[in-house]
Amino acid sequence: MNVEFSNCILCGKDNTEEIISLPPFCYVRCRNCDLVYLNPRPSQGLLNKIYQGDKFHSIDFHKDPTGEEKLYFFRFSDRLKVINRLKKRKGKILDIGSSWGYFLGLAKEDGWDVYGVEPTIAEAKYAQERFKVKIFTGRLREAQFPAQYFDVVSLWHVLEHIPDPIIELLEIKRILKEDGLLVIEVPSTRRLKDDISGKKFDINNPPQHLFYYNISTLSSLLEKIGFHIIKAKGIGNTKILKMAEAHKAGFLKIFVIKHFRYLRHVKKILQSFKAILRMQENIIIYAKLKVQ
Ligand SMILES: [Zn+2]
């Protein structure tokens with residue numbers, strides 16, 4: 001079977017209303033706790049196949065595979081500043097779903113001892129070559145890190161892809177030091193319609209996000225595991241790049257990337273307006289373990 005049904009992972013109930021049907025998949029909202037999730041969703045076997053990708057996929061390590069490295073560096077340097085404020089001493093940082101390694105590359109340069117976990121073989125290889133960082137190719141639990149090993153664990157737009165976030169978060173709890181910091185960024189429920197618009201899905205191309213959280217559902221999930229939230233905020237998505245792409249204006253995209261150093265100030269102003277209007281498409285949560 002390529003699809004599977006599940007109860008709500010947050011409250012355990014099976015009481016949902018349909019939001020968007022994308023046969024054979026469907027986005028539903030839990031009437032009990034408000035969590036939005038894909039039900040039915042692709043099976044774990046199917047997801048493994050999709051995320052692993054083609055192991056023979058060849059990459060030129062001297063070329064930026066996304067064309068957006070600079071943008072990622074800007075975005076992540078803002079995130080790293082907050083982490084550095086919250087963790088005065090630099091130690092070990094683990095990025096789960098480290099992708100092409102942009103965050104780890106930046107954190108390494110900043111003095112952190114960096115580790116990554118990434119199931120997509122080509123992306124893990126690229127990160128290792130490009131940034132000379134330690135990447136475990138596979139899933140978090142397979143990596144078998146020692147207990148209380150990391151000062152910071154980060155997941156940038158990753159948790160929403162993980163079919164069993166509770167098991168993942170319990171493993172994070174195990175490998176995080178007692179005063180360790182967990183940072184999670186996910187797309188919020190406001191992004192759902194935008195994410196699927198204009199796309200066609202089928203069994204071999206399922207929707208990528210198994211969950212859509214808001215600050216309240218993500219906080220409840222973390223508290224259930226034994227974390228307490230120290231900072232939670234919504235971030236507006238200004239969609240500058242998306243707009244450039246939609247207008248088929250390749251030159252506009254290149255212009256945006258080239259001048260992002262200045263444009264990011266405009267972006268920040270736009271983001272603050274969106275925050276006032278409660279139009280945040282992404283959420284970032286910083287959490288620590290509850291003191292026993
Ligand atoms: Zn629920």
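Axes, in what follows, are lines fitted to C-alpha atoms, for helices over the stretch in contact, and angles run from 0 to 180 degrees between N-to-C directions. Keep that in mind, everyone, and welcome to a short tour.

First, some ground rules. This is a predicted model, where local features need pLDDT of at least 70, side-chain atom pairs count only at pLDDT 80 or more, and totals for chains, interfaces and linings use all residues. Residues are numbered from 1 along each chain as its sequence is written, and side-chain values use heavy atoms, with hydrogens and water left out.

Now the overall picture. The chain has 11 helices and 13 strands; these are DSSP runs numbered from the N terminus, with helices being H or I of at least four residues and strands being E of at least two. There are 292 residues, and 50% of them count as buried. Buried means under 20% relative accessible area, exposed means over 50%, and partly exposed is in between, using a 1.4 Å probe and protein chains only. What about contacts, meaning heavy atoms within 4.5 Å? Among the contacts in the chain with a separation of 6 or more, 72% are between residues 24 or more positions apart.

Helix α6 (residues 165-175) and helix α8 (residues 215-225) have axes that come within 10 Å and cross at roughly 55°. That makes α6 oblique to α8. On this scale, angles under 35 degrees are roughly parallel, over 145 roughly antiparallel, 65 to 115 roughly perpendicular, and the rest oblique. The α6 and α8 crossing is right-handed: a crossing gets that name if the near helix is turned clockwise from the far one by less than a right angle, and left-handed if anticlockwise. Which residues of α6 and α8 make the contact? From α6 we have P165, I166, L169, L170 and K173, and from α8 there are L221, L222, K224 and I225. By type, the residues of this contact are 7 nonpolar, no polar and 2 charged. Here Ala, Val, Leu, Ile, Met, Phe, Trp, Tyr, Cys and Pro count as nonpolar, Asp, Glu, Lys and Arg as charged, and the others, Gly among them, as polar.

A second pair to look at is helix α2 (residues 69-86) with helix α3 (residues 102-109), whose axes come within 9 Å and cross at roughly 55°. That makes α2 oblique to α3, and their crossing is right-handed. On the α2 side, the contact uses E69, Y72, F73, F76, S77, L80 and I83, while α3 brings Y102, F103, L106 and A107. Those residues divide into 9 nonpolar, 1 polar and 1 charged.

Let's stay with α2 for a moment. It has 18 residues and reaches 25 Å from its first C-alpha to its last, close to the 26 Å expected at 1.5 Å a residue; the expected span is 1.5 Å times one less than the number of residues. Its buried residues are E69, L71, F74, F76, R79, L80, V82 and I83. As you look along it, remember that an α-helix has 3.6 residues a turn, so residues three or four places apart point the same way.

Over in α3 we find G105. Is G105 buried or exposed? At 11% relative accessibility, G105 counts as buried. G105 is 27 residues from K132 in sequence, and their C-alphas are 8.1 Å apart in space.

Next, the strands and loops. R29 lies in strand β3 (residues 25-30) and is partly exposed, at 26% relative accessibility. Beyond its neighbours within four places in sequence, R29 contacts N15, T16, E17, I19, D34, L35 and V36. R29 and C8 are 21 residues apart in sequence, with 9.0 Å from C-alpha to C-alpha.

D34, one of those contacts of R29, is found in the loop between β3 and β4. D34 has a positive phi of about 85° although it is not a glycine, and it is partly exposed at 32%. Another non-glycine with a positive phi is Q148, at about 45°. Q148 sits in the loop between α5 (140-143) and β9 (150-156), and is partly exposed at 48%.

Finally, where are the cis peptide bonds to look at? One joins P23 and P24, with omega about 5°, and P24 lies in the loop between β2 (16-22) and β3. Another joins N39 and P40, with omega about 0°, and P40 is in the loop between β4 (36-38) and β5 (41-42).

Technical notes
Contact = heavy atoms within 4.5 Å.
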